[in-house]
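This report sets out selected geometric features of one protein model. Please consult the sequence and coordinates alongside the text.

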Amino acid sequence: MLHLWGGKKVYSHLPQEERQVIQILIGNGTGIRAIGAMIGRSPSTVSREDAKRARLLRRARFPVPKSLEGYDFANVKLPDGYTREELLSLDFVPKAQDLVFHGRTGRGKTHLATALGMKAIERDMSVRFLPTAELVLQLGKAKRDGSLDAVHVRRSHRDRRGRDRLQEGAHVITVVVDHERKRVVWAHDGYGKEVPDLFFRQLTDEQRASIKVVAGDGAKWIDASVKEHLPNAERVLDSLHIVSCMTYTLDQVRKRLWNQARRDNLIAMIKLRCSGLPTHPPTPTL
């Protein structure tokens, strides 16, 4: 729809139902002009809507886009009084509420977060998928470079539609966990080599010698602190980051195979069209 105001062209946003129809038809290979004729919109409107969704997807940086189709909610336990319908309606966004997914690895936390992000994009919301480890690394680099305030400003701005963004810098806590006893034994504000140094200095020589393995992410400040205080301990990656790295690698392989399958399908369609045969190659599935 085109509105005229002040001599400038102002385009209204399409209803959510029309945006969903456009994406379904585009996914089925329907042409832009054909879609416009079906829903009573101009080809430029359909093309602009498709380009906008592609832009939102690029900005979101999902490892692999996922949907809620077929998602198993059997392992999802919601807070008392909070329903699945409320979760899927994204009512927490206008209320500026946080969702914290926690539990064992492989239970679908990343899948659910990504699928909710995809639903937000369908509603024309701006989304950014950022793993916690990546955020911590960015903040750590910014702190070392003296540009932490600039990072906070970039993450606290309002976008063009006035949605609220993070108003304060991230609050990072270093936590020490005893995996054998499955309990937190120490925690302190901040991060960096000086923080675990505080913990190790509180231990006796006998206690430090009893620590055989130290698990954590790949931060160099953890390596440096462990090397200084626990020279005989083995330094390993924790299971969360091992699974995360393996999942990322697997997703990259899936994306490569999917793109190759799409290219093969496109080549098959071109050959069929050139031969005059019907063009209905099967959609690749992995």
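## Basis and overall composition

The model is predicted: local features need pLDDT of at least 70, side-chain atom pairs count only at pLDDT 80 or more, and totals for chains, interfaces and linings use all residues. Residues are numbered from 1 along each chain as its sequence is written, and side-chain values use heavy atoms, with hydrogens and water left out.

The protein has 11 helices and six strands; these are DSSP runs numbered from the N terminus, with helices (H or I) of at least four residues and strands (E) of at least two. Of the 286 residues in the protein, 24% are buried. Here buried means under 20% relative accessible area, exposed means over 50%, and partly exposed lies in between, with a 1.4 Å probe and protein chains only. Contact means heavy atoms within 4.5 Å. Among the contacts with a separation of 6 or more, 45% come from residues 24 or more positions apart.

## Helix H1

Helix H1 covers residues 16-27, and its 12 residues should span 16 Å at 1.5 Å a residue; the end C-alpha atoms are 17 Å apart, which agrees. The expected span is 1.5 Å times one less than the number of residues. The buried residues of H1 are Arg19, Ile22, Gln23 and Leu25. Viewed down the axis of H1, these buried residues fall within an arc of 165°, so they line one face of the helix. The arc is that of the directions from the helix axis to the C-beta atoms. On the other side of H1, Glu17, Ile24 and Gly27 are exposed.

The buried residues of H1 pack against three elements: helix H2 (32-39), helix H3 (43-60) and helix H5 (109-122). Leu25, in helix H1, has a relative accessible area of 16% and is therefore buried. When neighbours within four places in sequence are left aside, Leu25 is in contact with Thr30, Ile35 and Met38. The C-alpha atoms of Leu25 and Ile35 are separated by 7.0 Å, and the two residues are 10 residues apart along the chain. Just after H1, Gly29 takes a positive phi of about 90°.

## Nonpolar cores

A nonpolar core is a set of buried Ala, Val, Leu, Ile, Met, Phe, Trp, Tyr and Cys residues joined through side-chain atoms within 4.5 Å. The largest such core has 17 residues, of which Phe62, Leu87, Leu112, Ile121 and Val127 touch the most other members. The elements that give two or more residues to this core are H3 and H5, and H5 gives the most, with five residues.

Ile121, with neighbours within four places in sequence left aside, is in contact with Arg53, Leu56, Leu57, Ala60, Phe62 and Val127. A second, separate core of 11 residues includes Trp186, Val195, Leu203 and Ala219.

## Aromatic geometry

Rings of Phe, Tyr and Trp (its six-membered ring) pair if their centres lie within 6.5 Å; planes under 30 degrees apart count as stacked, over 60 as edge-to-face and the rest as tilted. A search of the whole structure finds five aromatic pairs. In one of them, the rings of Tyr71 and Phe73 have centres 4.8 Å apart and planes at 80°, so the pair is edge-to-face. Tyr71 is buried at 12% relative accessible area, and Phe73 counts as buried at 15%.

The charged end of Arg84 sits over the ring of Phe73, 4.3 Å from its centre. This assignment requires NZ of Lys or CZ of Arg within 6 Å of the ring centre and within 35 degrees of the ring normal. Elsewhere, ring pairs link Trp186, Phe199 and Phe200 into a cluster.

## Individual residues

Leu90 is in the loop between helix H4 (84-88) and H5. Its phi is near 60°, a positive value in a residue other than glycine, and Leu90 counts as buried at 2% relative accessibility. Asp124 is in the loop between H5 and helix H6 (132-145). Phi of Asp124 is near 70°, again positive in a residue other than glycine, and Asp124 counts as buried at 6% relative accessibility.

Ser225 is found in helix H10 (residues 220-229). Its relative accessible area is 0%, so Ser225 is buried. With neighbours within four places in sequence left aside, Ser225 is in contact with Lys193, Pro196, Asp197, Phe200 and Leu230.
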